[in-house]
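The following exercises are to be worked from the sequence and the model together. Each task is followed by a solution in steps.

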Amino acid sequence: MLLVQYPTCTTCKKAKKYLESHNISFDDRNIKEENPTAEELGLWQPKSGKDVKAFFNTSGQVYRSENIKDKLPAMSDEEKLALLATNGMLVKRPLLILDDEVLVGFKEAEWEAALKRKGYLK
């Protein structure tokens, strides 16, 4: 599994601590140093069961300063994915990438349910 996160993000720290406290091994990727590509995001989005809009970090400075909320309605999903790929700070985090499922953001109950389904937790 892959944890895509930003080291100073408090929610990301909680997610990482959660995985470590359950002795779940994962690859760790800094979203600012290695931004997801449009192709990766295009593969992950359907596995998340969420709309492309859910991948935007709506509380982030870049999102707000560039008025992205106002631009999204006129954009296609492909354009949204391309925009997300331009700056890791636009992407909601953390992302937990499992084989056939992607978790967007950290909600402990959601993560616990998914990790139980996958056999990582009992």
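**Exercise 1. Surface and burial**

*Solution.* The conventions come before the values. This is a predicted model, in which local features need pLDDT of at least 70, side-chain atom pairs count only at pLDDT 80 or more, and totals for chains, interfaces and linings use all residues. Residues are numbered from 1 along each chain as its sequence is written, and side-chain values use heavy atoms, with hydrogens and water left out.

Step 1. Of the 122 residues in the chain, 44% are buried. Buried denotes under 20% relative accessible area, exposed over 50%, and partly exposed the range in between (1.4 Å probe, protein chains only).

**Exercise 2. Overall fold**

State the order of the secondary structure elements from the N terminus on.

*Solution.* Step 1. The chain has six helices and four strands. Helices (H or I, at least four residues) and strands (E, at least two) are DSSP runs, numbered from the N terminus.

Step 1. The order is β-α-β-α-α-α-α-β-β-α. The radius of gyration of the chain is 14 Å, close to the 14 Å that the globule rule gives for 122 residues, so the chain is as compact as a globular protein of that length. This radius is taken over C-alpha atoms, and the rule is 2.2 Å times the number of residues to the power 0.38.

Step 2. Along the principal axes, the C-alpha atoms fill a box of roughly 45 × 25 × 25 Å.

Step 3. Among contacts between residues at least 6 apart in sequence, 62% join residues at least 24 apart. A contact means heavy atoms within 4.5 Å.

**Exercise 3. Backbone geometry**

*Solution.* Step 1. Most residues other than glycine have a negative phi, and most peptide bonds are trans.

Step 1. Pro94 is placed in the loop between α5 (77-84) and β3 (95-97). Between Pro94 and Lys14 there are 80 residues in sequence and 9.6 Å in space, C-alpha to C-alpha. Lys14 belongs to helix α1 (residues 10-21) and is exposed, with a relative accessible area of 54%.

Step 2. Asn23 lies in the loop between α1 and β2 and is exposed at 73% relative accessibility.

Step 3. Asn67 occupies the loop between α3 (61-65) and α4 (68-71) and is partly exposed at 45% relative accessibility.

**Exercise 4. A strand residue**

Is Asn30 buried or exposed, and which residues does it touch beyond four places away in sequence?

*Solution.* Step 1. Asn30 sits in strand β2 (residues 27-30).

Step 1. Asn30 is buried, with a relative accessible area of 17%.

Step 2. Not counting residues up to four places away in sequence, Asn30 touches Gln5, Tyr6 and Pro7.
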